[in-house]
Protein chains: 2
Amino acid sequence: MFEVIGWDEISRVLPTLDLVGAIEEGFVAYSQGNAHVAPVSELRIPHGELHIKSGYISGDSSFVVKAACGFYGNPAKGLPSSNGLMLLFDSETGVPTCLLLDEGRLTDIRTAVAGVIAAKFLAPDPIFAIGIIGTGTQARLQAQYLLKAKRANRLFVYGRNAHAVAVYQRDMSREAVEVIACNTPAAVAANANLLVTTTPSRSPLLNFDDIAPGTHITAVGADSPVKNELDPAILHKANRIVVDSLQQCSAHGELKHALAVGSIPPERIVELGDVIAARKQGRISGTDITVADLTGVAVQDIEIARAVFAAVKAMRT
Amino acid sequence: MFEVIGWDEISRVLPTLDLVGAIEEGFVAYSQGNAHVAPVSELRIPHGELHIKSGYISGDSSFVVKAACGFYGNPAKGLPSSNGLMLLFDSETGVPTCLLLDEGRLTDIRTAVAGVIAAKFLAPDPIFAIGIIGTGTQARLQAQYLLKAKRANRLFVYGRNAHAVAVYQRDMSREAVEVIACNTPAAVAANANLLVTTTPSRSPLLNFDDIAPGTHITAVGADSPVKNELDPAILHKANRIVVDSLQQCSAHGELKHALAVGSIPPERIVELGDVIAARKQGRISGTDITVADLTGVAVQDIEIARAVFAAVKAMRT
């Protein structure tokens, strides 16, 4: 029986899911070579682009296809620029089992959950404040998911657009946190020891001198070779760089930009899945500077799609 | 409003569609460079494989993604080895508009329709009999669609498996045609002047000496580099070779095997879209030997998906 699941049902089951646990398993499978991921297929059309990812984790009963659209003229039409869906197929027979019409939102959520996982293994303790660079969808979701998972009662934010910052402050204040706007990224870094950069910037927003010892930085903005939010010196001087995928981050993450200016001792760069599985160390001391470079891997899509599908099926019966 | 369309509705509208006209337009767009097609993405998993094609024809209101599964252990479980679905998206906004749960059957049908188009432009007149090599899905669909489009009252068939041939004879006799089983592919070729080869054979089934002047051969079986149904000499001596895609057929069609043993004058090889658009000539004389090498292109999927979606929407309202 093929199931079509819309955003209404998806959003109802989301709060019941252990997405952190599920996506941790995905990262571990990825880093242990148990994930089969097809090359991303990209179709460019005049008003936008389509990316298709697909993958399978050894032993799973399903494999997953994700289609994600980016149409950058949509906001002028009152539509979000992103859209998309996920499909599940039975891995024994290839029979399609489920369509998740998530409008691309599960991709945003799995990205925020990866930020929570990075913070779980790398952030200092205690976190005295969270700092967010950017005011878009990830700036909101990263903060919301981190606040749910971590005790912090102050949120510092920087954005280029004053109106967007004001709206962000208003919206985030609903999360029972004090939201303080800063005039520069450096001021955010001076006030928080867990930083998340979420912008599509093509030049560094944070410099090494901005970063205090003991800080963890998660960078989720760089998903193409031209994007770059962190001064390469931050990665060169960081005690630990944790990447979701060594291959992807070397090709189009913050790591790419850092490697372009000089080599980094390979033992300082580890995959998140290996840190989760305790095969490699993350943060060692309270004064370490750590960086998580997250570019997004198909195992996150597989895990969130499987978790949502299972929960909706259970809810329906 | 997103629409989910199952095989029931698809099969109801199919007889009302001008698939020949629609798919001819697709081939013309392809050969004129008006089709944008993403590279095929392939995911291999332990029990099968998934192929994803996507494409867009300039000016269309939709773009199309097709997922096709091949699970070769399925027949032992009482399931067809092929499955699949198609998705349509709005080409202005990227919003998903429709899922066609066709179970992979529209792929079979668009392949048969390409055979009808090849025969329309290349077969001799009159066709005194149709000859089919193979007894599988394409052996049936090619015959059915050709019989609908062309006047012929005799069908010669060759298959390796006597039982499969008997079942084929019984089933095809329902199409108001006399079905004659032959003991060799050569005997089929001796009795028919429109031949279709539909097998996954890895060594030639038809030799040049089997082919009488005036014959047209459509080969649809070779969809991977190792498959080969026609003696390379047939292509070398043919007056005209028509390919759906010069690029694909050179890489994994009958053409590939023929080019491996020697060059063929380029002016004898033309794309089907150019023949349809009358930019290139197909059959010139009644004694020409012509070959159509069909490997399947995404424009066929785009056109059949669009046609089905439009007809189902009209039927529902």
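Tutor: Hello! To begin with, the bounds of a domain come from an automatic or database domain assignment. This is a predicted model, and its chain A is divided into domain 1 (3–106 + 299–316) and domain 2 (119–297).

Student: How far apart do the centres of these two domains lie?

Tutor: The C-alpha centres of domain 1 and domain 2 of chain A are 24 Å apart.

Student: And how many residues of each domain are in contact?

Tutor: Two residues count as being in contact if their C-beta atoms lie within 7 Å. By that rule, 8 residues of domain 1 of chain A are in contact with 10 residues of domain 2 of chain A. On the domain 1 side, the elements giving two or more residues are α2 (19–31) and α11 (298–316) of chain A. The most comes from α2(A), with 5 residues. Sorted by class, that side of domain 1 has 4 nonpolar residues, 3 polar ones and 1 charged one.

Student: What about the two chains: how many residues do they bring into contact?

Tutor: Here 37 residues of chain A are in contact with 37 residues of chain B. On the chain A side, strands β3 (41–45), β4 (48–57), β5 (62–70), β6 (82–90) and β7 (96–101) each give two or more residues. The largest share, 6 residues, is that of β4(A). By class, the chain A side has 22 nonpolar, 11 polar and 4 charged residues.

Student: What rotation superposes chain A on chain B?

Tutor: A rotation of 180° does it, with 0.0 Å of shift along its axis and an RMSD of 0.0 Å.

Student: Why is that called the relation of a two-fold axis?

Tutor: Set the values beside the name: the rotation is 180° and the shift along the axis is 0.0 Å, and therefore the relation is that of a two-fold axis. In chain A, the C-alpha nearest that axis belongs to S41(A), at 3.0 Å. Both copies use the same surface, as 100% of the contact residues of chain A recur in chain B.

Student: Let's turn to helices. How do α2 and α3 of chain B cross?

Tutor: The axes of α2 (residues 19–31) and α3 (residues 105–122) of chain B come within 10 Å and cross at roughly 85°.

Student: Why is α2(B) called roughly perpendicular to α3(B)?

Tutor: Angles of 65 to 115 degrees count as roughly perpendicular. The crossing at roughly 85° falls in that range, which means that α2(B) is roughly perpendicular to α3(B). The contact uses L19(B), V20(B), I23(B) and E24(B) from α2(B), and R110(B), V113(B), A114(B), V116(B) and I117(B) from α3(B). By class, these are 7 nonpolar, no polar and 2 charged residues.

Student: At what angle do α3 and α11 of chain A pack?

Tutor: Helix α3 (residues 105–122) of chain A and α11(A) pack at about 110°, with their axes 10 Å apart. That angle also lies between 65 and 115 degrees, so α3(A) is roughly perpendicular to α11(A). Residues in this contact include L106(A) and R110(A) of α3(A), with I304(A) and V308(A) of α11(A). The classes here are 6 nonpolar, 2 polar and 2 charged residues.

Student: And how do α3(A) and α4(A) pack?

Tutor: Helix α4 (residues 137–149) of chain A packs with α3(A) at an angle of about 45°, and the axes are 9 Å apart.

Student: What kind of peptide bond joins D125(A) and P126(A)?

Tutor: A cis one, with omega at about 5°. P126(A) is in the loop between α3 and β8 (130–133) of chain A. In chain B, a cis bond joins D125(B) and P126(B), where omega is about 0°.

Student: What is the phi of A176(A)?

Tutor: Phi of A176(A) is near 60°, a positive value in a residue other than glycine. A176(A) sits in the loop between α5 (162–172) and β10 (178–181) of chain A.

Student: Why point out such features?

Tutor: Because most residues other than glycine have a negative phi, and most peptide bonds are trans.

Technical notes. Residues are numbered from 1 along each chain as its sequence is written. Chains are lettered from A and ligands numbered from 1 in the order in which they are written. This is a predicted model: local features need pLDDT of at least 70, side-chain atom pairs count only at pLDDT 80 or more; totals for chains, interfaces and linings use all residues. Helices (H or I, at least four residues) and strands (E, at least two) are DSSP runs, numbered from the N terminus. Ala, Val, Leu, Ile, Met, Phe, Trp, Tyr, Cys and Pro count as nonpolar, Asp, Glu, Lys and Arg as charged, and the others, Gly among them, as polar. Copies are superposed by least squares on the C-alpha atoms of residues with pLDDT of at least 70 in both. Axes are lines fitted to C-alpha atoms, for helices over the stretch in contact, and angles run from 0 to 180 degrees between N-to-C directions. Angles under 35 degrees count as roughly parallel, over 145 as roughly antiparallel, 65 to 115 as roughly perpendicular and the rest as oblique.
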